[in-house]
Amino acid sequence: MLWNTLLLALRAIRRNLMRSFLTILGIVIGVAAVITMVTLGNGATKSVSDQIASMGSNLVMVVPGQRFGPGSGGAPNFKSADLEAVRNQISAAEWVAPVVSKSVTAVYQASNWATVVAGSNNDYFRAGNWELAHGRTFSETEERAGKAVCVIGATVREKLFGGQNPVGSEIRIKQFSCEVVGMLKPKGQSAMGSDQDDIVVMPLRTVQRRLSGSQDINRLSVSVRDGASIDAAKRQLTLLLRERRNIAENEEDDFRVMDTRQIAETLTGTTKILTMLLGAVAAVSLLVGGIGIMNIMLVSVTERTREIGIRLAIGALEREVLLQFLIEAVVLSSLGGLIGIALATGASMGLAGVMGVPYIFDPAINIASFLFSAAIGVIFGYFPARRAAGLNPIDALRHE
Amino acid sequence: MSDPALIRLSAVTKTYGQGPSAFQALKGIDLAIGQGEFVAIMGPSGSGKSTAMNILGCLDVPTDGSYEFQGVHVERLQRDERALLRRHFLGFVFQGFNLLARTTALENVELPLIYRGHDAGARHAAAREALRQVGLQGWEHHTPAELSGGQQQRVAIARAMVTSPLVLLADEPTGNLDTKTSREIMDLITSFNRDRGITVLMVTHEPDIAAFAGRVVRFVDGRVDSDHRQGEAA
């Protein structure tokens, strides 16, 4: 009986192709809007979290002072003893890299480029999740002796060397020249909008001797072990550094401990909320599409009163007529859902390309939208179907 | 052969509305119709013949009195039970043809078979055969809009006959047709009655159409005014 009713419904839809198409237009647009919004939102979230993951999502940064950025506001820098203490006493820390950074101008032949030198060691690459595109990292001798060698970021390479392989060349920084031993794979913009690839990394000792002229360390980059709690690591770091820096209990920290996951959560949280909002707005249009279906079905019931009369006279049961109209509505709205999904796939692929976010097929939202559109058929089809099935066959047959 | 009767109305009344505005369309009808009869129901408009037809067609129930169809008390049946009765034993032909628009002749004829649950193959075969019997071979894929009135009524007859019903109820089947076409339609209906023994109940107000029937029941003012059998129709 269900199969027969489906057949009847399909015939009725085919008989009124134009009207059927107009009926489902609302659903098509609604479904397409919901899926496109959510897919693009997911893509945006993904691209934000990718950027942050590229910073090392388990990275904790410790800087003196309460501000992030240059100038510690009078708070003392860290010493190498602090570095050792962190290495030895924070069990959750996997890699601890000291960083001394200086703004410099790097020169290669006729090109020069204002960039930042980070003095550190190989732990810098491990903690920051950096990978090499060419060359190598520092040798132990180079680190210990403070040799003039450097690993450059992709932006510096592009500005100074163009497309050339920089490994083996020498660049001038301030008064000394420095051999490029490696090049980092690009990471793109950081979550804060700065270019992470605009960097020259040198051994810590080299920078301390030749550029900063002191044994101080500007920053500690700490990567937290997989599975270890970042919050716990941050608490331990804070306690340890307060103790080492002799901060009284009622005084505020004169340093900050920040983790990228925090930034990541804040930023992806924003895009997630936006995605949800856009999805909700689109869902309203889906609802409006459902009301459109109800409208057309009600008109259809009135228009097809005679047909219903014929069916009832021929011996259709009330529930068969109910089912026919219900299935018509569900088939229509599901069809709308399918077309909407197809449309959304095309639109999201195109828009993702234009917006520069990755296209991620989200099966959940596609299935949910489809089921929702089918449900709309049931809900908004029921009332008109009920009305059709309840008609008196004699009156229905007499209807003009 | 008409005892026990296929159809028996006993003291049937039908009242529309309630209170002072109530209108009694049938004022006590007794009527027995046997298997294989061809009965024409005549009468002026407002005489209650359409109301009686609706009750006979199980589309409506009497306000009072009883209607036995094959010994079953139709007045005691639920709406869906009456629908099943129509589905399995009755065929309808209307004055206005009442075919589904934008639907081919074949699909129109198949419609009652769909409700009977026949599979597609059996449906097509039976519908084609029914169309052939009404002389519409080759017109299977035409929609009502592409058919003449007479052809449309033939499709309607094929739709009524495709289930081989016990009773064919025809409500002014020739009301919208010219004289020549009316004759053809009546010949068709008569042949189903004569050759297949199908009981025919037909409402008409045209005496020459009623002349095809073996028995004429005349309604006047909600009562049976006369009921007589006539000799073999010409």
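**A buried glutamate and its surroundings**

Author: B:Glu37 has a relative accessible area of 12% and is therefore buried; buried means under 20% relative accessible area, exposed means over 50%, and partly exposed covers the range in between, with a 1.4 Å probe and protein chains only. The model is predicted, so local features need pLDDT of at least 70 and side-chain atom pairs count only at pLDDT 80 or more, while totals for chains, interfaces and linings use all residues. Residues are numbered from 1 along each chain as its sequence is written, chains are lettered from A and ligands numbered from 1 in the order in which they are written, and side-chain values use heavy atoms, with hydrogens and water left out.

The partner of B:Glu37 is B:Arg229, and the closest N and O atoms of this salt bridge are 2.8 Å apart. A salt bridge here is a side-chain nitrogen of Lys or Arg within 4 Å of a carboxyl oxygen of Asp or Glu. The two residues belong to distant parts of the chain, 192 residues apart: B:Glu37 sits in the loop between strand 2 (23–33) and strand 3 (38–42) of chain B, and B:Arg229 in strand 10 (residues 223–229) of chain B. Helices (H or I, at least four residues) and strands (E, at least two) are DSSP runs, numbered from the N terminus.

The side chains of B:Arg215 and B:Asp227 form a salt bridge of 2.7 Å, N to O. B:Arg215 lies in strand 9 (residues 215–220) of chain B and B:Asp227 in strand 10 of chain B, so this pair ties together parts 12 residues apart in sequence. B:Arg215 is buried, with a relative accessible area of 4%, whereas B:Asp227 counts as partly exposed, at 38%.

A further salt bridge in chain B joins the side chains of B:Asp60 and B:Lys14, at 3.3 Å from N to O. B:Asp60 is in the loop between helix 1 (49–56) and strand 4 (64–69) of chain B, and B:Lys14 is in strand 1 (residues 7–16) of chain B; the pair links distant parts of the chain, 46 residues apart. B:Asp60 and B:Lys14 are both buried. Salt bridges also form a network that links A:Arg11 and A:Arg14 with B:Glu107, B:Glu110 and B:Arg123. Over all chains the count comes to 32 salt bridges.

Strand 4 of chain B leads on to a helix with several buried arginines. In helix 2 (residues 79–89) of chain B, the buried residues are B:Arg82, B:Ala83, B:Leu85, B:Arg86 and B:Arg87. They pack against strand 4, strand 6 (90–93) and helix 3 (105–116) of chain B, and also against helix 10 (305–314), helix 11 (318–355) and helix 13 (393–398) of chain A. Contact means heavy atoms within 4.5 Å.

Two of those chain A partners also pack on each other. The axes of helix 10 of chain A and helix 11 of chain A come within 10 Å and cross at roughly 140°; axes are lines fitted to C-alpha atoms, for helices over the stretch in contact, and angles run from 0 to 180 degrees between N-to-C directions. Helix 10 of chain A and helix 11 of chain A are therefore oblique to each other, since angles under 35 degrees count as roughly parallel, over 145 as roughly antiparallel, 65 to 115 as roughly perpendicular and the rest as oblique. Helix 10 of chain A contributes A:Glu307, A:Ile308, A:Arg311 and A:Leu312 to the contact, and helix 11 of chain A contributes A:Val321, A:Gln324 and A:Phe325.

Chain B holds a helix pair of its own. Helix 5 (residues 149–161) of chain B and helix 6 (residues 179–196) of chain B pack at about 15°, with their axes 10 Å apart. Helix 5 of chain B and helix 6 of chain B are therefore roughly parallel to each other. On the side of helix 5 of chain B the contact is made by B:Gly150, B:Gln153, B:Arg154, B:Ile157 and B:Met161; on the side of helix 6 of chain B, by B:Thr181, B:Glu184, B:Ile185, B:Leu188, B:Ile189, B:Phe192 and B:Arg196.
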